[in-house]
Amino acid sequence: DHLLRGPIGNLRAATPPAGVNGEVWKELQTVVQPNWQGSRSVRAEGDVEEVVEDAICSGEWYGSKDMTKASEQNLVSIWKTNDADEKNPERSVLDADAMYDLCMAEENTLTALQGGDFCYKCAATGKCIEPYSLVLMARFHLTGNDISKLSTLAETVTCNDLRTSWTPSVQRKFTIALKICVNWSIRMVSGSKDNTITIQDTSITITNPCPFPIKFLPTVVDELFPSMDPPIVRYSSSYYATKNSEADITGMYEANENNAHDHSDNTPISGVYDTTDENFVTFYSDAIVGRDMALAVGSAGVTIVAMVLHTQSPFLTLMGLFQILLSFPLAYFVYYFIAGLVFFPFLNFIGIFVVFALGADDVFVAVDKWKNARHELPYGTTEQVAALALPDAAYSMLLTSLTTAVAFFGTAICPVGPIVCFAVFCGLLITFDYLMNIFLVFPALCLYDKWLLAGSTNGCVNFEWCCHSKDEGESALGGDTEASSAVNSVGKNGVANDEEFVSNDDVEEQTSIEETARTFASDRATGSTAATRDQDPNEEERQELLEVEHQTLIHRILDGYYNILHKFRWLVLAVVIVATIACTVFAAQLALPEGSDVSLLPDSNEYQMHYDWKQNLLSNELAKEEGSEALILWGVKPADTGDHLNPDSWTTLVLDDAFDPRSKDSQSYLLNFCDRLFATFGKVSEKYECPMVLFDEWLKEQSSSETPTKAYTQSCNGASSAPVPSEVFDPCIISWSKLYNNTSVLQTDDSVKIMEVRTKSNVFYDAPQNELRAEWTTYEDWLDDERKNSAPSGVDQMYHSDLSYWWADTNQQMMKTAYGAAGIALVCAAVVIFISARSLVLTLFAAIAIIYVLVAATSCLVALGWSLGFLESILFAILIGISCDFVIHVGHAYTMYSGNVNRHHRSHFALTHMGPSILAAAFTTFMAAVVMIFTEITFFRKFAVILFMTILHSTIGCFVVFLVLCDCFGPAEPTKGYDALKAKICGRGQKE
C-alpha cells in the first residue's frame, strides 16, 4: 500500500498519466516518496467556479460520490434519538418534533457556515444549499418532488411550515416512500444489480421506484429501519456542501469547538459533527496531547510530595526530581542522534508518567537503603555507610530497572514504527533514570549524611528533627546518648572530618555489633531461650539496635502486619490458592475484539461518537456488505525501501524487470484474466472493465470505423483485436491509454512498465481478524494457482493489495509483538529473580506471585468489559516487566542474611526492610495512574488502568502471595545450592 499510494499515486497524478516523462520515473525510482496522507488534493478556485458550484446548485451533488467520499472533506452531522440505545426504542427522527429540531439545527448550522464562508453559495440565492438529509427529502415530499424548486425550497417550506404540515398521515406516506427507496438501495447492493425481475418465464424491466427527484443514498436511515415494525429512524445524517481547503477545514473545526454548529438538545435528538475524512478528530487528538501532557505536571506534583514526605528532605527530593528530569534530554539525545529515530509519536509522551512513577521508586530504594545502613552503623562514617548501602541499592535498582527496560526494549521487535519508537524511548528513559540516580542521588545522600553528622538543622536538608522529641532525634542518629553527644560536639566545633569522630576501635566495635545484631534478630525469630540469650554479652546492645531500626510508624505497622500474616499463614495460603485459581478461570474469558478498528478517543467524546454513530447508518452497513476495492498489479515489486520507523517516509518505485506483456500469450492471458477473476471475487462496480478488455473493444471499434482516430492509425498497424503483434503492443496500448487518460497502464521510454486491475474485496478494514485473514488467503491461493498453472512467463509475478489488508497486517504484527515481548519480559524476569535471590525455590515463589499478578489484573479487565486487542496486548507485555519489581526487592532482602536463618525471621526482615520503599513506590505509581485516568487519549487511559491494576496486584502479590509462600515454605538457607555450585565451579577453575 505504501507503493500504491506513494509512487504509483504520484504517477497517476501526472499529466498525461501514461506519458510521464523519464525524469519523473527516475525520481520515483531513486527518491523515497512521502506519506500520501499528507498530500490531499485541493480543488483550484477556477475548478470550483466552473464545475463544483454547478453540480451543487443544480442538485447533481446530492447522492453523488462528491458528497460522500473522504477526499471532499464535506461537513457531516450524525443524529441520534434519545432512546436509540434502548432495547425497544420508540422515538424516531421522522416524528414531527424531531423533524422540526433537525430542521432548525440545519438552518442554524448553515448560518454559521455562511458566516464563515465555508460552504458553496449559489448565484441564484446567494446562500448555501440545504444539506442532504431527511429534512430535504421531506420538503421535496411536501412540494411534489419538483427539482426545479430546489433553490427556493427552504423559503417555500420553512421549519415552522414543516412542523405544521407534518401530520401523522403525511409522516406515514413519507415513511412508505422512504422505505421504497431503502429497499431499492438494498436490492442494488445485495441483490441483482440490474433492474430486471423474472416472474415465471417472463422478465420485466423496472425503473428506480424512489419518488424523490434527487439520487437516494441510505445515509439518512439506520441499519434496522428496513426490518422494524413500525419503521422508525434511530440514526440519521446531514451532509453539507462545504469547501475543502486547509483553512476552511480548520475554520469549521474551530467553529464546532465554539459550539457554532447546532447539536440540538437531546430532546428528542442530538447531533455530532465531523467531516467525511474525519478531520476534526485529527485536529482534536493533536490538541489534547498537549492537554494530557499538562496532567503530567500534576503527576509530577504528586511524585514530589510523596518524595518529600518519604525522604523528609527537600534536598534529596530536589536531587530526585533532577534525576527524573535529566533522563528526558539524555534519552532523547540517544534516541535522535545515536539511534537515528527522527519520528516522535505521541505515544512517547506516556514516558513522562512512567518515569515519574518509576523514578520515584528508585529514590525511595536508595534513601531507605541508606537509612537502614545508618541504623546498622550508628557510629560509622559516611564512607562506611556508603560502602554498605550504595552497592546494595545500586544492585537492587539495577535488577528492577533491568526487567522494566527489557520489557520496553522487547516491544521494539514490533515492525510498526510508532510502537518501536515508543518502546525505545521509554526503555532509554528507564535506563538513564537509573544512571542519574547513581550519579545524582547517591552523592546527594553522602552530602546529606555529612550535614546531619555535622549537626545541621537546616530544614532544606532534613526536617525530621522538628517532628520528634530530643531523645527520638538522638536515637534516630546514633542509637545512644553518647553517640548523639559526640555528633553534637562535632557540629559545635565545626569538625567536618569523620575520621576525627570515629576511632579505629569504634569501627571494629561497630562491625562486631552489626554481626551480632543480625544474629540476635535470628535468635528472636527462632525463639531462643533466655538462658541462651544470657550467654550472649552483646544481647542488650543488639536489642537497642533492633528497636532503633523499627522505631518508625511504618515499621511498627509492618511488624503488626507480619504478626497477623504469620499467625494465619496457612489460612492466607488457602485463600491465595483459591483466589489465583478463580482469577485464572475468569481471566481465560478475555476474548479477541470483534473488529479491527482502534479508537483513539473515549466513547463519550463527540468525534468518537460521530464515528460510532455512523456505524449504525444503513449506508455504512451496505458498504461493508459491498466490500472494498483490491488491486492486482504487474510490473512492480511489493517493496518498502523507505525508513520503516518514520511514517512520513514511504518507498521508492521498485519495478519488476521481468514484466513483459508484449507476447501474444501474455496478451491473451491478460485479456481473459478478468473473466476468471470476476467470476471468483466479483467486480468492484458494474461499469468497471479491465484495461485489456477496454483496449480490445477499442481496437474492434477503430478497425471497423470509417474515421478511426489518429492514435489508432499511427500506432496500431491496423490491428482489429487483442492480441496484437508484439512489436505493435507497446505503441498501440500507450496511444490508447493517453487518448482516454487511463491510469491503469503506465509507461516510460515507449514501453509499458505497470498494469493494474481493480477487483472486489469482500471484507472491510474493520472486519474481524479471522475474516480479513480468510479473504487474504483466498486471494493468495487463487493468484498462486494462476501463477503456477495459467500465467505465461512475463506476466506471472502479479500480486494483490488492499488497504484492508494493511490494517490487518498491522494488527497481526502487534499481536505477534505482544506475545514475543511478553516472552522476553518473562524470561528476563525469571533470570533476574534467580540472580537476585540465588535460589530456585524463591524463583518459583516469585513466578507464582507474578502469575497471580497477571491473572488477577486480567480478570479485573475482563470485569471492565475489555477485549485483548493489539493495544492491550502491547501494554500487557510492557507491564510484565513492572509487575515483578516488588517481588525482586523482597526476594533479594530475604537472602541478605547468610547461613541458616529461620524462614520466619527472613520473611519478617524482608518485609520490614523493603516494605516502606515498596509502599512508597506503590503510592506514587498509583497516583500517576490515577492522574492518567483523567486523560482523553485512549492509549493513555488504558495504560493507566492496566498500570493501576498491575501495581495493585503487584503489591498484593508481594505482601501476600510471595510473603506467605516464604513464611510457609521458604528455605532457611536459600542460597545454599547456588553457593555450593559456585564453589565447585570456582574451585575447579582455581585447580585448573
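Reader: Is Cys690 buried or exposed?
Author: The model is predicted, so local features need pLDDT of at least 70 and side-chain atom pairs count only at pLDDT 80 or more, whereas totals for chains, interfaces and linings use all residues. Residues are numbered from 1 along each chain as its sequence is written, and side-chain values use heavy atoms, with hydrogens and water left out. Buried means under 20% relative accessible area, exposed over 50%, and partly exposed in between (1.4 Å probe, protein chains only). With a relative accessibility of 1%, Cys690 counts as buried.

Reader: Which cysteine forms a disulfide with Cys690?
Author: A disulfide is a pair of cysteine sulfur atoms within 2.5 Å. The sulfur atom of Cys690 lies 1.5 Å from that of its partner, Cys674.

Reader: How many residues apart in sequence are the parts that the pair of Cys674 and Cys690 ties together?
Author: The link of Cys674 and Cys690 is left-handed, with -105 degrees about the S-S bond. Cys674 lies in helix H27 (residues 664-681) and Cys690 in the loop between H27 and helix H28 (691-704), so the pair ties together parts separated in sequence by 16 residues. Helices (H or I, at least four residues) and strands (E, at least two) are DSSP runs, numbered from the N terminus. The separation of the two parts is thus 16 residues.

Reader: How many disulfides does a search of the whole structure find?
Author: In general, a disulfide is a covalent bond between the sulfur atoms of two cysteines. With the bonded cysteines numbered in sequence order, the pairing reads 1-4, 2-6, 3-5, 7-8, 9-10, 11-12. Cys884 takes part in no disulfide, the nearest cysteine sulfur being that of Cys828 at 7.4 Å. The search of the whole structure gives a total of 6.

Reader: How many residues apart are Cys57 and Cys122?
Author: Cys57 is joined to Cys122 by a disulfide with an S to S distance of 2.1 Å, and this link is left-handed, with -100 degrees about the S-S bond. The pair links distant parts of the chain, with Cys57 in helix H4 (residues 45-58) and Cys122 in the loop between helix H6 (96-115) and helix H7 (134-142); the two are apart by 65 residues.

Reader: What is the handedness of the disulfide of Cys181 and Cys210?
Author: The sulfur atoms of Cys181 and Cys210 are 1.9 Å apart. Cys181, at 1% relative accessibility, counts as buried, and Cys210 is buried with a relative accessible area of 13%. The torsion about the S-S bond is about 85 degrees, so the disulfide is right-handed.

Reader: Which strands stand at the edges of the open sheet of 3 strands?
Author: The order in this sheet is E4-E1-E5, and the pairing is antiparallel. Each edge strand has a single partner strand, so one side of each is left without a neighbour in the sheet; the two are E4 and strand E5 (269-275).

Reader: Which residue of E4 stands opposite Trp79?
Author: Two strands pair if DSSP finds at least two bridges between them. Strand E1 (residues 75-81) and E4 run antiparallel and are joined by 5 bridges. The residue of E4 opposite Trp79 is Ser236.

Reader: Why is E6 described as largely enclosed by the rest of the structure, and how many of its residues are buried?
Author: E6 is joined to strand E8 (residues 751-761) by 7 antiparallel bridges, with Leu631 opposite Arg758 in E8. E6 also pairs with strand E9 (residues 799-801) in the antiparallel sense over 3 bridges. E6 (residues 628-634) has 7 residues and is largely enclosed because the number buried is 6.

Reader: What is the volume of the largest cavity?
Author: On a 1 Å grid over the protein atoms alone, a cavity is a set of points where a 1.4 Å probe fits but cannot get out, and lining residues have an atom within 4 Å of a point. Grid points are joined across faces, edges and corners, and a volume is the space filled by probe spheres set on the points. The largest cavity is lined by 16 residues, and among those nearest its centre are Leu358, Asp361 and Asp885. Its volume is about 150 Å³.

Terms used:
On a 1 Å grid over the protein atoms alone, a cavity is a set of points where a 1.4 Å probe fits but cannot get out, and a pocket is an open set with protein on both sides within 12 Å along at least five of seven lines; lining residues have an atom within 4 Å of a point.
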